[in-house]
Amino acid sequence: MDPLTRYTVDDRGCWIWSGAVHTTGYGLIKWNGKSTVAHRVTYELIKGEIPAGLLLDHTCSVKLCVNPDHLEPVTHRENIQRAWDRQHCATCTCFKGQDNQ
């Protein structure tokens, strides 16, 4: 299966995975004999290897997005912080958890 043909593009430019989906909400693909998340495969096919020790952050916050331009290699700590910020600061005007009032 070619991962570069298993998505549709939405109005935000996300490449929405149309194949299998893991219980975590991420696209799933069998690649090189093992099951893996689809966004890692598309990123590596288009952008190259993900640096050791880093994982991919969905800057668009869409788990099914496999657009490599919406994925950024970051540390686990940065990924957790960004996820927290997106969830808790989506409508506030805070910076790094500090209120600007």
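These legends describe close-up views of a predicted model.

View A. Strand 3 covers residues 28-31 and strand 4 covers residues 34-37. The two strands run antiparallel and are joined by four bridges. Tryptophan 31 has lysine 34, in strand 4, as its bridge partner. Two residues lie between the strands of this hairpin.

View B. Most residues other than glycine have a negative phi. Asparagine 32 is not a glycine, yet its phi is positive, at about 55°. Asparagine 32 sits in the loop between strand 3 and strand 4. Its relative accessibility is 73%, so asparagine 32 counts as exposed. Serine 61 is not a glycine either, and its phi is positive, at about 70°. The loop between strand 5 and strand 6 holds serine 61. With a relative accessible area of 45%, serine 61 is partly exposed.

View C. The sulfur of cysteine 14 has the sulfur of cysteine 60 as its closest cysteine sulfur, at 3.7 Å. That is too far for a bond, because a disulfide needs the two sulfur atoms within 2.5 Å. Cysteine 60 is in no disulfide, and its nearest cysteine sulfur is that of cysteine 14. A search of the whole structure finds zero disulfides. Cysteine 14 is buried, with 1% relative accessibility.

**View D. Aspartate 57 pairs with arginine 82.** Side chains of opposite charge can pair when their charged atoms come close. Here the side chains of aspartate 57 and arginine 82 form a salt bridge, at 2.7 Å from N to O. Aspartate 57 is in strand 5, whereas arginine 82 is in helix 2 (residues 76-88). The pair therefore ties together parts that are 25 residues apart in sequence. Salt bridges with shared partners join Asp57, Glu72, Glu78 and Arg82 into one network. Aspartate 57 is buried, at 2% relative accessibility.

**View E. Aspartate 69 and lysine 47 link two loops.** Their side chains meet in a salt bridge, at 2.9 Å from N to O. Aspartate 69 belongs to the loop between strand 5 (55-58) and strand 6 (71-74). Lysine 47 belongs to the loop between helix 1 and strand 5. The pair links distant parts of the chain, 22 residues apart. Aspartate 69 is exposed, with a relative accessible area of 57%. Lysine 47 is partly exposed, with a relative accessible area of 46%.

**View F. Arginine 12 pairs with aspartate 10.** The closest N and O atoms of this salt bridge are 2.9 Å apart. Arginine 12 is exposed, with a relative accessible area of 54%. The structure holds five salt bridges.

**View G. Histidine 58 is buried in strand 5**. Its relative accessibility is 6%. Histidine 58 touches Tyr26, His39, Lys63, Cys65, His70, Leu71 and Arg86. That list leaves out residues up to four places away in sequence.

**View H. Glycine 25 contacts Lys63 and Leu64.** These contacts leave aside neighbours within four places in sequence. Glycine 25 is found in the loop between strand 2 (15-17) and strand 3. At 22% relative accessibility, glycine 25 is partly exposed. The C-alpha atom of glycine 25 is separated by 9.9 Å from that of valine 37. Along the chain, glycine 25 and valine 37 are 12 residues apart.

**View I. Leu4, Leu45 and Ile46 make a nonpolar surface patch**. The patch has an area of about 240 Å². Leucine 45 lies in helix 1 (residues 38-46). Leucine 45 is partly exposed, with a relative accessible area of 42%.

Key
Residues are numbered from 1 along each chain as its sequence is written. This is a predicted model: local features need pLDDT of at least 70, side-chain atom pairs count only at pLDDT 80 or more; totals for chains, interfaces and linings use all residues. Side-chain values use heavy atoms; hydrogens and water are left out. Patches are made of residues with over 30% relative accessible area and no salt bridge: like charges are joined within 9 Å, nonpolar side chains (Val, Leu, Ile, Met, Phe, Trp, Tyr) within 5 Å. Accessible areas come from the Shrake-Rupley method with a 1.4 Å probe; for residues, only the protein chains shown count as cover. A salt bridge is a side-chain nitrogen of Lys or Arg within 4 Å of a carboxyl oxygen of Asp or Glu. Buried means under 20% relative accessible area, exposed over 50%, partly exposed in between (1.4 Å probe, protein chains only). Two strands pair if DSSP finds at least two bridges between them. Contact means heavy atoms within 4.5 Å.
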